[in-house]
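Work through the exercises below with the sequence and the model at hand, and try each task before reading its solution.

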Amino acid sequence: MPLAVLTGRGPRVLRSLADRHPAVRPENVSMIGVREIDPAEREVVKSSGVRVFTMSEVDERGIAPCVDEAIARAGAGTAGFHLSYDLDSLDPMIAPGVGTPVPGGLTFREGHLVCEKVARSGRLASLEVVELNPVLDAHNRTARMAVGLIASALGQTIL
């Protein structure tokens, strides 16, 4: 998993590719909308220092405070942050074209609010959208969702 290597875990040969170790401080990393973690990874994730916002927590607290906390963590002591938007975090009803569709993910509005808040932070340095599988997509719904999310993250607004 690339994130594990960036945060100082994994094969030494991969970790050593970065100029500093770890390349990314785990205390700057958050994952939002998590609903499944492999049993073998569970303890590693818990002990990693990465902040994980499960869907249960998002349901209880709401997406806005979770995103605010994640942005604060990502920006603490940094010049900006990278957003890796995993389309698997969305509910498969709105994003069916993903590799690992798990029911109960972020809604259309929650997904966009993440990106809107990132744009309003003014701290976004880079962005990637991952896990789009066009073969599994239905009438390009997931691809169109991805384009909309990118537009929101880059500052597109209603007004």
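**Exercises on a predicted model**

In this predicted model, A4 is partly exposed, its relative accessible area being 24%.

**Exercise 1.** Determine how the axes of helix 5 and helix 6 cross, and which residues make the contact.

Solution. The axes of helix 5 (residues 63-75) and helix 6 (residues 108-121) come within 10 Å of one another and cross at roughly 40°. Helix 5 is therefore oblique to helix 6, and the crossing in which helix 5 passes helix 6 is right-handed. On the side of helix 5 the contact is made by I63, A64, V67, D68 and I71, while helix 6 supplies E110, L113, V114, K117, V118 and S121. Sorted by class, this contact of helix 5 with helix 6 has seven nonpolar residues, three charged residues and one polar residue.

**Exercise 2.** Decide whether E116 is buried or exposed, and find its contacts beyond four places in sequence.

Solution. E116 lies in helix 6. Its relative accessible area is 18%, and because buried means under 20%, E116 counts as buried. Once neighbours within four places in sequence are left aside, E116 is in contact with R109 and S152. The side chains of E116 and R109 are joined by a polar contact of 3.0 Å.

Key: Residues numbered from 1 in each chain as written. Predicted model: local features only at pLDDT ≥ 70, side-chain atom pairs only at ≥ 80, totals over all residues. Heavy atoms only, no water. Axes fitted to C-alpha atoms, helices over the stretch in contact; angles between N-to-C directions. Helix = DSSP H or I, 4+ residues; strand = E, 2+ residues; numbered from the N terminus. Parallel < 35°, antiparallel > 145°, perpendicular 65-115°, else oblique. Left-handed = near helix turned anticlockwise from the far one by under 90°. Contact = heavy atoms within 4.5 Å. Nonpolar A, V, L, I, M, F, W, Y, C, P; charged D, E, K, R; others polar. Buried < 20%, exposed > 50% of the residue type's maximum accessible area, 1.4 Å probe, protein only. Polar contact = N/O pair within 3.5 Å; in protein donor to acceptor, adjacent residues only side chain to side chain.
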